[in-house]
Amino acid sequence: MPTMNMLQAINNALDIAMAEDDKVICFGEDVGVFGGVFRATSHLQEKYGKSRCFNTPLVEQGIIGFANGLAAQGSVPVAEIQFADYIFPAFDQIVNESAKFRYRSGDLFNVGGLTIRTPYGGGIAGGLYHSQSPEAYFTHTPGLKVVVPRNPYQAKGLLLASIRDPDPVLFLEPKRLYRASVGEVPQEDYQLPIGEAEVIKEGTDITLVGWGAQMEVIGKAVELAEEQGIACEVIDLRTLLPWDADTVVESVLKTGRLIVSHEAPLTGGFAGEIAATIQERCFLYLESPITRITGLDTPFPLVLEKEYLPDHLKIFEAIRESVNF
Amino acid sequence: MTTTQDIHAPDFLAGDEFSIPTFRLLRQDGTLFEGAEAPTLERDQALKIYRTMIATRVLDERMMAAQRQGRLSFYMQCTGEEAAVIGAAAALDDADMIMSQYREQGALVYRGFSYDEFMNQLFGNELDYGKGRQMPIHYGSRKLHYMTISSPLATQIPQAAGYAYGQKMAGDGHCTLCFFGEGAASEGDFHAALNMAAVHEVPVIFFCRNNGYAISTPSIEQFAADGVAPRAFGYRMHVIRVDGNDILAVLSATREARRIAVEQNQPVLIEAMTYRLAAHSSSDDPSGYRSKKEEEAWREKDPILRMQHWLVAQGWWNDDEEKSLQESLRREVLETMKRAEKRPPPPLDSLVTDVYADVTPALQRQLDRLKTHIRKHPDAYPKGARSLDPDVSAQDDAANEGGA
């Protein structure tokens, strides 16, 4: 099995999708001959022509508006927003249009073919506008699906599933892992399920939930905890909307403890949704308060990035506190 | 690559150097301007266009009255802009996509959307294609290639560019026509759309209805330039300004625009100069921001009367036909309204379908809880309660709720 980094896995998924279906069209800022600022679309224009892989003018609301129209027509657009920090000009097109297209038309029209790819997350000295994790803005939007992979194998399987999914998907790519995360990825076509969490590691003392790049951080914290004899169960949510509450409920019924961790700020973050749902469904089984280890309620800072981020030590201390509650 | 000539003195340009003329063929008395030539228009199509204009106005007048009577929650009229909208639709192939703002019901009438179909949407009954989810006047029809309308202004403009790109890729010789008002043209989506359409060479016609007002805001507070049309130069796009109350000019200009779009894969901007004779909507009263005198001046330029004069001069129409058409349409509108009003609302389950292609487990759980609740208080939710199965009791629901 070949070894790929996350960018290569994404590029490979796009290649497979474009080869399989003429209707798949990739576009965004600098995705054409240059292959994207991160090279996720390398060689696609060369292989499939300028009409199927092209640069757009620099206008995010235009990119997603154009993509909505293409998808409504029956094409399968895979639109790239260069950084998730710059998705907000397209917020109206995504929230009021993409997400509501099928519902408002009574299923006369839909933009199910649409996939929006965008790099997200911090840890790369990106400051305020190359670090954001905007997922919670979108998980509040019925009609959208929100998917986040944690490694190259997942990136390929989940991206192929997103492109073929009958609903519009926002696909958030953890850019800190683009080259840092390397692993075995099958050359052939495969898909991973959307809407299903994955239990990465079983344990009996405490449940840890996260997604994307944060899974690696959670993994380091769990190593420290296990050295102290704490058996951790680790769940990668993979899909944030619609999210797999049943898998988390099942785990917490067993462990009685839960920590949710994400890079985005605490207030209004998706951990709040998970915590509320779990206390409702597991009330009698909880042995300590559900804890959220997240970014601070500040814009994402540059110099004090390390202090801001919910790193493995912060999660490790939270595990200890929860177990000793 | 941007190419430019050098100058060596700071000579600013303000865009006042050119003004865009208005293309007109028909005078208000139904005669042609000197040197003007009517487009080829068979008697059948001319009468279809005219009947569509009348049918649209009858619908609008009756439904605004119904709104005033409290039978309908909301309404918006096309009044005064029938020639612009219907003339544009008549210039298209029936399979071309139309993407609208919300004041273009005339285009739907032209394509054969029946009074029943209008009423079902307006009353949001069980036959409404949109399943009663959207406010009145948010029509859509897949079979008539008419994209479902949404309230956020201008969002359909970049979508039209994308749709047309898909049509170009499909190579089926069709184009997209996108309607919007001069107020919507101030949105960022307008700029995004025109720039992308020009760069990517798509077969799309951007059709601006410049009716002088965006709700209460007169166009002088909307833009400083000579209307919307000059913006096309900034995108290197074909553009024409047309008298929007002149059916022959609108038809002729849009036919030519369609030829450019489909044969050359080039976008075209049409600015139709017209006037919103009615209020913005049933929630608006224009007497607070414009004069009766101004309205009267435009009432004399009524596009329907102008076409009627032309038809009569052609020997294709007379007073008796006019009277009988008006009467039969009024009768039909009343009958269909009564039918639609009596129809039941969409079933409760339609609350959660079509959010996604399939109902998610979380949504199913929410629906089940709602049903249980409604069974306990059926009188408080008459529309929802009527579609519940009376044989299933609240206790059964609770037992079936399951899960931790």
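# A loop residue in chain B

Glu201(B) sits in the loop that runs between α6 (188–200) and β4 (204–210) of chain B. Helices (H or I, at least four residues) and strands (E, at least two) are DSSP runs, numbered from the N terminus. Glu201(B) is not a glycine, yet its phi is positive, about 50 degrees. Its relative accessibility is 39%, so Glu201(B) counts as partly exposed. Buried means under 20% relative accessible area, exposed means over 50%, and partly exposed lies in between (1.4 Å probe, protein chains only).

This is a predicted model, in which local features need pLDDT of at least 70 and side-chain atom pairs count only at pLDDT 80 or more, while totals for chains, interfaces and linings use all residues. Residues are numbered from 1 along each chain as its sequence is written, chains are lettered from A and ligands numbered from 1 in the order in which they are written, and side-chain values use heavy atoms, with hydrogens and water left out.

Is Ile137(B) buried or exposed? At 0% relative accessibility, Ile137(B) counts as buried. Ile137(B) belongs to the loop between α4 (115–123) and α5 (156–170) of chain B. Its phi is near 75 degrees, a positive value in a residue other than glycine.

Chain A has a feature of another kind. Leu241(A) and Pro242(A) are joined by a cis peptide bond, with omega at about -10 degrees. Pro242(A) is placed in the loop between β12 and α9 of chain A.

# Domains and annotations

Chain A is assigned domain 1 (3–184) and domain 2 (198–324). Such bounds come from an automatic or database domain assignment. The C-alpha centres of domain 1 and domain 2 of chain A are 27 Å apart. Across the boundary, 28 residues of domain 1 of chain A are in contact with 26 residues of domain 2 of chain A. Contact means heavy atoms within 4.5 Å.

UniProt lists residues 4–180 of chain A as "domain: Transketolase-like pyrimidine-binding", in an unreviewed entry. That span of chain A, 4–180, is 36% helix and 17% strand, and its end C-alpha atoms lie 10 Å apart. For chain B, the UniProt annotation "domain: Dehydrogenase E1 component" (unreviewed entry) covers residues 50–347. Residues 50–347 of chain B are 47% helix and 11% strand, with end C-alpha atoms 39 Å apart. UniProt positions are given in the numbering used here, feature names are shortened, and annotations may be inferred rather than shown by experiment.

# Open pockets

Rolling a probe the size of a water molecule over the atoms shows where empty space is left. The search uses a 1 Å grid over the protein atoms alone: a cavity is a set of points where a 1.4 Å probe fits but cannot get out, and a pocket is an open set with protein on both sides within 12 Å along at least five of seven lines. Lining residues have an atom within 4 Å of a point. Grid points are joined across faces, edges and corners, and a volume is the space filled by probe spheres set on the points.

The largest pocket holds about 1,200 Å³ of space. Its lining has 41 residues, and Trp243(A), Thr360(B), Ala362(B), Leu363(B) and Gln366(B) lie nearest its centre. At least two lining residues come from each of β12 (239–241), α9 (245–255) and α10 (270–281) of chain A and α12 (361–376) of chain B. Which element gives the largest share? It is α12(B), with 8 residues. By class, the lining has 19 nonpolar, 9 polar and 13 charged residues. Here Ala, Val, Leu, Ile, Met, Phe, Trp, Tyr, Cys and Pro count as nonpolar, Asp, Glu, Lys and Arg as charged, and the others, Gly among them, as polar.

The second largest pocket has a volume of about 450 Å³. It is lined by 22 residues, and the closest to its centre are Gly124(B), Gly132(B), Pro345(B), Pro346(B) and Lys383(B). In chain B, α11 (319–342), α12 and α13 (382–385) each give two or more residues to this lining. Domain 1 (22–341) and domain 2 (346–403) of chain B each supply at least three.

The largest cavity has a volume of about 100 Å³. Of its 15 lining residues, Gln121(B), Asp128(B), Gly130(B), His138(B) and Gly140(B) are the closest to its centre. The lining of the largest cavity has 4 nonpolar, 7 polar and 4 charged residues.

The second largest cavity has a volume of about 70 Å³. Among the residues that line it are Glu97(A), Arg104(A), Met99(B) and Ser100(B).
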